[in-house]
Amino acid sequence: PAAVQGEGAARELLAQLERANRFKLGEVIILARGGGSIEDLLAFSDEALVRAVAASDIPVISAVGHEIDWALSDFAADLRAPTPSAAAELVSESRAVAKAELAQLASELEAGIVARLEKARGTLARFEPSNVESRFMRLLLPVQRRADEARDALARTMAGLLADFARRRELALRGLEASSPEAVLARGFAVVRTKAGEAVRDAAALERGQGVDLRFARGSASALIEETRR
């Protein structure tokens, strides 16, 4: 017992709470009083008492005033009851009700474990050899198809490049053949060289009576210069 309002009430409540903890006087402590004004309930909001409630080794139920009344001890306690009688009902619940609640919790726990196991089995089933192979093939086929398309495109591109190269090579060969000395000689031209072997590009470089060599498409000849004309 302790005073629940007025001067010294908070000290008495604190002392009794500490005494109950020191001598292990019960399995649960109910900190309670009937309804009253805010001023009447101030003892249950005392800082030292609230800290003791929070630090109590024995579970504390705070049941201060009526349902609409609140004190700081309600927030520090392990459980808040709306009235003292409700607190008494909470701690005197029948064994049958407690066993029923425990059975319900066990059932919910078992159902949760079963659901997780089923989910795990479903996840693992996707990695069975047959499933893994089919999933791998589904992933591989598009890649293989793209690789085939890329290979065909590369082959077409290479064939086009080779054909273009062959065409340009043919044109280059024709150009070379058309501009080669043999081709020029075949069209009726001749190469004139001095006896020293120098090619004659200007008639002014020749003198009357000078010997020269003439190169034709087929064969060659020697000649003497009789006259030069510019």
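In what order do the three strands of the open sheet lie, and is their pairing parallel or antiparallel? In this predicted model, the order is β4-β5-β6 and the pairing is antiparallel. Strands β4 (191-194) and β6 (220-224) stand at the edges. Each has a single partner strand, so one side of each is left without a neighbour in the sheet. From one strand to the next, the twist averages 30°.

The two pairings were examined in turn. Four bridges link β4 and β5 in the antiparallel sense. Within this pairing, V192 has L214 of β5 as its bridge partner. Strand β5 (residues 211-215) is joined to β6 by five bridges, and these strands also run antiparallel. Here V212 is partnered by A223 in β6, and R215 stands opposite S220. The hairpin of β5 and β6 has four residues between the strands. In this hairpin, G219 takes a positive phi near 90°. In general, strands of a sheet pair through backbone hydrogen bonds.

Nonpolar packing was considered next. The largest nonpolar core has 19 residues. Those with the most contacts inside this core are L17, L31, F44, L49, V53 and V60. Helices and strands both contribute: α1 (9-22), β1 (29-33), α2 (47-55) and β2 (60-64) each supply at least two residues. The largest share, six residues, comes from α1. L49 illustrates the packing. Leaving aside residues up to four places away in sequence, L49 touches L13, L14, L17, L31, A43 and F44. Another core, of five residues, lies apart from the largest one. Its members include A63, A81, A86 and A87.

A search of the whole structure gives one aromatic pair, formed by W70 and F75. The geometry of such a pair is described by the distance of the centres and the angle of the planes. The charged end of R80 sits over the W70 ring, 3.8 Å from its centre.

Notes
Residues are numbered from 1 along each chain as its sequence is written. This is a predicted model: local features need pLDDT of at least 70, side-chain atom pairs count only at pLDDT 80 or more; totals for chains, interfaces and linings use all residues. Side-chain values use heavy atoms; hydrogens and water are left out. Rings of Phe, Tyr and Trp (its six-membered ring) pair if their centres lie within 6.5 Å; planes under 30 degrees apart count as stacked, over 60 as edge-to-face and the rest as tilted. A charge sits over a ring if NZ of Lys or CZ of Arg is within 6 Å of the ring centre and within 35 degrees of the ring normal. Two strands pair if DSSP finds at least two bridges between them. Axes are lines fitted to C-alpha atoms, for helices over the stretch in contact, and angles run from 0 to 180 degrees between N-to-C directions. A nonpolar core is a set of buried Ala, Val, Leu, Ile, Met, Phe, Trp, Tyr and Cys residues joined through side-chain atoms within 4.5 Å. Buried means under 20% relative accessible area, exposed over 50%, partly exposed in between (1.4 Å probe, protein chains only). Contact means heavy atoms within 4.5 Å.
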